[in-house]
Amino acid sequence: MGLTNANKSINTTQIDCCGSLRVTLALAASPDISSNPTDIVLILDRSGSMAGTPLANMKAGADTFIDIIDEATDGTPDGTIGSGSRIGIVSFADTAVQNTQLITSVATLKAAVNSLSAGGSTNHADAFTQAMALFDPTSTNAKVMVMFTDGKTTAGPNPNPVAAAARAAGITIYCIGLIGADGIDPAELNEWATDPDSSHVAITPDDAALEDLFADLAANISNPGATNIVIDEVVNPDFVITSILAPTKGSANLVNPNTLKWTIDELGTTAGEGATLEFFIRHVADTSGTKLVNESITYTDDQMNQATFPAPTVEIDCGIVVRPEPCPVPIDIEIGGCQDSVVYDLGDTYLESLGRILQVDVNIRNVCPNRRVAVGVVLTEIDDQGEEHQRGLKTLTVPAHQYPTCRDVLIKCIKFVLPEDLDVSGGSPTALCNPRNFKVRVIAHNIDSDFQCCDVTV
């Protein structure tokens, strides 16, 4: 039956700005229909809205479906469904009719399809009921329903419980939808179909595409599992992949911080089989909002199975993001040899944002003669949570003095420039002139014991 499931999910829908989440990729495949006999019921909508080209294109699609299954079961289009598989036809409008039983004659199946005419309402519940009645509960064959419809339920009871009962009985349900005059409800198709919806539901607004949809579905149902699977997953650039757990089948490798490759030699070639891969990603951007987890994901295998993965999104909450203005571009200045001074025109500079200047003075106590002192002044700003944010570091050297005793040295005019867009002290983050709270730390050390050269001849 080829690839029967392709899914992608995440373990949470909301994280903080630098938060992480777990991503799970899942696949399932089943063996070739030639070694895995399957009973298939085509459930075909013949309500009034199907009149004209929609009905003609549906018949062409159903005929193509029957031909593909015919060839897949025994390797040749000989007019007989082989290897123990069978197909039955149910059609529906006001009520449903079993147009054939589960049979192997391609000609009889096509004759039943091509005899359909459009008219009446849409009774999905009776369609599922009549289709279920065709299956032999004692048969070991796999059981598949293919529901085709172009509109909402307009007759009969709610079909959801009937479809649920079919799934509970082990029947795989595929749905093909045509957006017709009755206004199909995609949510209803998702409700009826086997999970995941992405690999069991196909909808088109163009009835000319029906033949291709039926053909693709027949190819997936008849494929021999999947071999030489390669999945290339690329996550959104706002995330990086932090770790990859060992998959339940195959191997996975990190290609770069945003890309992984998962390879599987074979899946579902002898029996129905699933595989999962879990990996973790972390948000590294500084922007909030709803973001797609992956940028792209591609699937290939030797059987040319088609895989459509969901595209989950996650809500990112970065709070208030502060972007300090960039450092000015430096201007290179060179002082030539033996030049005592140089004058250089730095040109124009422009006021980029409002700010304040904080000037501090500090008195260094008990600086003894002939001692130079290294001084560091560290400035931090305190936010409303009591956390400190670096705002500046100034280092300077206090020259040695020649007074006969130790004395205090006052250092004046140590200046820090504080742009308003760095304000984290509280209040409105967009308002000017908020009170701002800072802490200043001063570190002072003697840096040598005697700066004077000694008159020593070596």
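Helices (H or I, at least four residues) and strands (E, at least two) are DSSP runs, numbered from the N terminus. This is a predicted model, in which local features need pLDDT of at least 70 and side-chain atom pairs count only at pLDDT 80 or more, while totals for chains, interfaces and linings use all residues. Residues are numbered from 1 along each chain as its sequence is written, and side-chain values use heavy atoms, with hydrogens and water left out.

1. N366 is found in strand β18 and has a positive phi of about 55° although it is not a glycine. N366 is exposed, since its relative accessible area is 55%; here buried means under 20% relative accessible area, exposed over 50%, and partly exposed in between (1.4 Å probe, protein chains only). N228, in strand β10, likewise is not a glycine and has a positive phi, of about 50°. N228 counts as partly exposed, at 41% relative accessibility.

2. Helix α7. This helix covers residues 210-222, has 13 residues and reaches 18 Å from its first C-alpha to its last. That span is close to the 18 Å expected at 1.5 Å a residue, where the expected span is 1.5 Å times one less than the number of residues. The buried residues of α7 include L210, L213, F214, L217 and I221. Which elements do the buried residues of α7 pack against? They pack against the strands β1 (2-10), β4 (38-45), β7 (142-149), β8 (171-178) and β9 (201-204), and against helix α1 (53-74). Contact means heavy atoms within 4.5 Å.

3. Two threonines. Is T100 buried or exposed? T100 counts as buried, because its relative accessibility is 7%. T100 lies in the loop between β6 (96-98) and α2 (106-114), and its side chain reaches the backbone nitrogen of I89 at 3.0 Å. Such a polar contact is a pair of N or O atoms within 3.5 Å; within protein, one must be able to donate a hydrogen and the other to accept it, and residues adjacent in sequence count only if both atoms are side-chain atoms. Not counting residues up to four places away in sequence, T100 touches I87, G88, I89, T108, L109, A112 and L134. T227 has its place in strand β10 (residues 226-235) and is buried, with a relative accessible area of 18%. Among the residues that T227 touches, beyond four places away in sequence, are I264, E266, T269 and D301.

4. Salt bridges. The structure holds 12 salt bridges, each being a side-chain nitrogen of Lys or Arg within 4 Å of a carboxyl oxygen of Asp or Glu. One of them joins D67 and K110, whose closest N and O atoms are 2.7 Å apart. D67 lies in helix α1 and K110 in helix α2, so this pair ties together parts that are 43 residues apart in sequence. D67 counts as partly exposed, at 31% relative accessibility.

5. A second bridge. D238 and K291 meet through their side chains in a salt bridge (2.7 Å, N to O). Because D238 lies in the loop between β10 and β11 (239-244) and K291 in strand β15 (residues 289-292), the pair ties together parts that are 53 residues apart in sequence. D238 is partly exposed, with a relative accessible area of 22%, whereas K291 is buried, at 8% relative accessibility.

6. R436 forms a salt bridge with D423, and their closest N and O atoms are 3.9 Å apart. Both R436 and D423 are buried.

7. How many residues apart in sequence are D317 and C18? They are 299 residues apart in sequence and 9.0 Å apart in space, C-alpha to C-alpha. D317 lies in strand β17 and is partly exposed, at 39% relative accessibility. Not counting residues up to four places away in sequence, D317 touches Q14, I15, D16, C17 and S288.

8. An exposed isoleucine. I335 is found in the loop between β17 (313-317) and β18 (355-367). I335 counts as exposed, because its relative accessibility is 53%.
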